[in-house]
Amino acid sequence: MKHTKTFYSIGMETRHGPVTIEGPVPSELLEKYSFHEDLVSFRPSMQQKKALVEIAKLEEGRIIIIRNDETVLGYVTYLYPDPLERWSEDQIENMIELGAIEVIPSYRGCGVGKKLLYVSFMDDAMEDYLVITTEYYWHWDLKGTGLNVWDYRKMMERLMKNVNFEYYATDDPEITSHPANCLMARVGKRVNNETMERFDRLRFKNRFMY
């Protein structure tokens, strides 16, 4: 499969001033930007920058960012599922995962997360993909937001539904380990039935339970 990437960029006014939301950002451009010190949800900001640069180098990898001048304030990543997870057991060529989305605390509530997703799907090539996302409550900033797991999950569902992600049931042990966890997916307009059938087989490995 040819992974076509078309770069898009939009401006947005926030309560902190103007920002730019753009991508997919090539690795050489990402290297030039600094990462805000508050981008620490998954790892320290410098390590996060290094990880995102490596994703941007992947043939299928896509990084969409929000920045103020040369400083990255948030991002969303897309790449093939982690080899250690069930979603990579059948290497579906046109199935990629929204791996992470993060915005620094001071910019949350501005609508920038919604814009990150909006810019992600401006590229028509995304209609070739089945895009999945696994939501685990232990990745959520419950302390920083003051939300409980159920309110945070509702917030994430509303965010994802803005770009046509839908909830999908699964018997994956990591997801079923807590009722707030969930699997969501966005089916591109050109995704065929074979892809969906393979996805269904990944979703349910223990059909005798249902």
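User: Is Asp90 buried, partly exposed or exposed, and what is the relative accessible area?
Analyst: In this predicted model, Asp90 is partly exposed, at 23% relative accessible area. The cut-off for buried is under 20%.

User: Which side chain does Asp90 meet in a salt bridge?
Analyst: Arg198, with an N to O distance of 2.7 Å. Asp90 sits in the loop between S5 and S6, while Arg198 belongs to helix H7 (residues 193–203), so this pair ties together parts 108 residues apart in sequence.

User: Different topic. How many salt bridges in the whole structure?
Analyst: The search finds 13. One of them joins Asp171 and Arg86, at 2.7 Å from N to O. Asp171 is in the loop between strand S8 (166–168) and helix H6 (173–176), and Arg86 is in the loop between strand S5 (71–79) and strand S6 (95–103), so parts 85 residues apart in sequence are tied together.

User: Are Asp171 and Arg86 buried or exposed?
Analyst: Asp171 is buried, with a relative accessible area of 5%. Arg86 also counts as buried, at 9%.

User: What about Arg86 and Asp172?
Analyst: Their side chains form a salt bridge too, at 3.4 Å, N to O. Asp172 lies in the loop between S8 and H6 and Arg86 in the loop between S5 and S6, 86 residues apart, and the pair links these distant parts of the chain. Asp172 counts as buried, with 6% relative accessibility.

User: Which residues are linked in a network, then?
Analyst: Arg86, Asp171 and Asp172, through salt bridges.

User: Why can such side chains pair at all?
Analyst: Because side chains of opposite charge can pair when their charged atoms come close.

Technical notes:
Residues numbered from 1 in each chain as written. Predicted model: local features only at pLDDT ≥ 70, side-chain atom pairs only at ≥ 80, totals over all residues. Heavy atoms only, no water. Salt bridge = Lys/Arg side-chain N within 4 Å of Asp/Glu carboxyl O. Helix = DSSP H or I, 4+ residues; strand = E, 2+ residues; numbered from the N terminus. Buried < 20%, exposed > 50% of the residue type's maximum accessible area, 1.4 Å probe, protein only.
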